[in-house]
Amino acid sequence: MSAQRVPAFSGRVRAELASCIERCYSHSEISVLYTRFDVADRDGGNKLHRSTALIRVLHESAEGDGAPVLDLIRSVVEDRFGGDVLDRNGNPNANLRPLIAALRVDGYELVDGRLVAAGAGSIPMTAEVSLLESRLRERQLAVAARHYRQAVDSFTDGRLEASNGQLRSCLENTLIELCSRHGKRTSDPKGAAELLRTAGLLDGDETKLLQGLVGVSNERGAHHGTTTEEEATFRLHTTTAVMRYLLARIRDPS
């Protein structure tokens, strides 16, 4: 079992884990999981109900510690699938793909068939996502907030091109709207970044960063078959971090 306390997993991860167990385990194998994790198997029901109940007990009994659920995830990913985690193209097994995508948002990656934290002391991505969503709503950037929520949902569902396109729309809408709030009108997001610079709200390097991200977001973004999981993960992490910085950097006029 994991000795170190880890952040609790998001509801999305727990739901995808339950679905994965339902697809890949028999009733008798789920019973073995109950025994392995020392959980009383009282509820019965179908496989999804039983797997959900097991995960709920592990989540709630740990009082905010994600270690028990992490042990179960590793049991499924590493023990159940073994060397068959990736297909010939290096993508996760189809039965694992939704779970792996959700885990990436929570700060975990699949490396050589093993699940590892994205970095020592790293903040789970789910916390960053929640913070950015809150900031967008607080600033009444409703359109951008909707695009961002759709991007995260698409990412965790494995619709990577859709996620890329929605992240682009979120970034572009935010730049144009912030520019408008400071009396500058444009429909060009790169132009909006430049207008924010001339207004003294951004410096040159910040402007280049934002314009570069707009450029990257418009390349290979929403076209089917033109992105990879690594690229989509990079876009989600980068756009989230830059957007949070942008909203902190540029306040609404008094």
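A helix here is a DSSP run of H or I at least four residues long, and helices are numbered from the N terminus. With that in hand, we can begin with S217, which is found in helix α10. The model in these views is a predicted one.

**Figure 1. The whole protein, element by element.** The predicted protein contains 11 helices and two strands. Reading from the N terminus, the order of elements is α-α-α-α-α-β-β-α-α-α-α-α-α. The chain has 254 residues, and 45% of them count as buried. Take the contacts between residues at least 6 apart in sequence: 62% of these join residues at least 24 apart. The accessible surface comes to about 12500 Å², and carbon and sulfur atoms account for 48% of that surface.

Figure 2. Is S217 buried or exposed? With a relative accessible area of 6%, S217 is buried, because buried means under 20%. A polar atom of its side chain lies 2.8 Å from the backbone oxygen of L213. If we set aside neighbours within four places in sequence, S217 is in contact with R168, L171 and R235.

Figure 3. Helix α9 spans residues 189–198. Which residues of this helix are buried? They are P189, G191, A192, A193 and L196. The cover over these buried residues includes α8 (160–181) and α10 (204–217). Now look at the two ends of α9. D188 caps the N-terminal end, with a side-chain oxygen 3.2 Å from the backbone nitrogen of K190. Just after the helix comes G200, which takes a positive phi of about 80°.

**Figure 4. Helices α9 and α10, side by side.** The axes of these two helices come within 9 Å and cross at roughly 170°. Angles over 145 degrees count as roughly antiparallel, so α9 is roughly antiparallel to α10. On the α9 side, the contact is made by P189, K190, A193, E194 and R197. On the α10 side, G204, T207, L210, Q211, V214 and G215 take part.

Figure 5. Side chains of opposite charge can pair when their charged atoms come close. Here the side chains of E194 and R197 meet in a salt bridge, 2.6 Å from N to O. Both residues lie in helix α9, three residues apart, which is about one turn of the helix. An α-helix has 3.6 residues a turn, so residues three or four places apart point the same way. E194 is partly exposed at 29% relative accessible area, and R197 is also partly exposed, at 33%.

Figure 6. R181 pairs with E177 in a salt bridge, and their closest N and O atoms are 3.0 Å apart. How many residues apart are the two partners in helix α8? They are four residues apart, about one turn of the helix. R181 has a relative accessible area of 21% and is partly exposed, while E177 is partly exposed at 29%.

Figure 7. R249 forms a salt bridge with E206, with 2.8 Å between the closest N and O atoms. This pair links distant parts of the chain: R249 belongs to helix α11 (residues 229–249) and E206 to helix α10, 43 residues apart. E206 is buried, with a relative accessible area of 11%, whereas R249 counts as partly exposed at 34%.

**Figure 8. A network of salt bridges.** Which residues are linked in this network? R12, E133, R149 and D153 are the members. If a salt bridge is counted whenever a side-chain nitrogen of Lys or Arg lies within 4 Å of a carboxyl oxygen of Asp or Glu, the count comes to 12 salt bridges.

Figure 9. At 0% relative accessibility, T174 counts as buried. Leaving out residues up to four places away in sequence, T174 touches L136, L141, A144, M243, L246 and L247. How far apart in space are T174 and A142? Their C-alpha atoms are 9.7 Å apart, and the two residues are 32 residues apart in sequence.

Conventions:
Residues are numbered from 1 along each chain as its sequence is written. This is a predicted model: local features need pLDDT of at least 70, side-chain atom pairs count only at pLDDT 80 or more; totals for chains, interfaces and linings use all residues. Side-chain values use heavy atoms; hydrogens and water are left out. Buried means under 20% relative accessible area, exposed over 50%, partly exposed in between (1.4 Å probe, protein chains only). Contact means heavy atoms within 4.5 Å. A polar contact is a pair of N or O atoms within 3.5 Å; within protein, one must be able to donate a hydrogen and the other to accept it, and residues adjacent in sequence count only if both atoms are side-chain atoms. Accessible areas come from the Shrake-Rupley method with a 1.4 Å probe; for residues, only the protein chains shown count as cover. Axes are lines fitted to C-alpha atoms, for helices over the stretch in contact, and angles run from 0 to 180 degrees between N-to-C directions. Angles under 35 degrees count as roughly parallel, over 145 as roughly antiparallel, 65 to 115 as roughly perpendicular and the rest as oblique.
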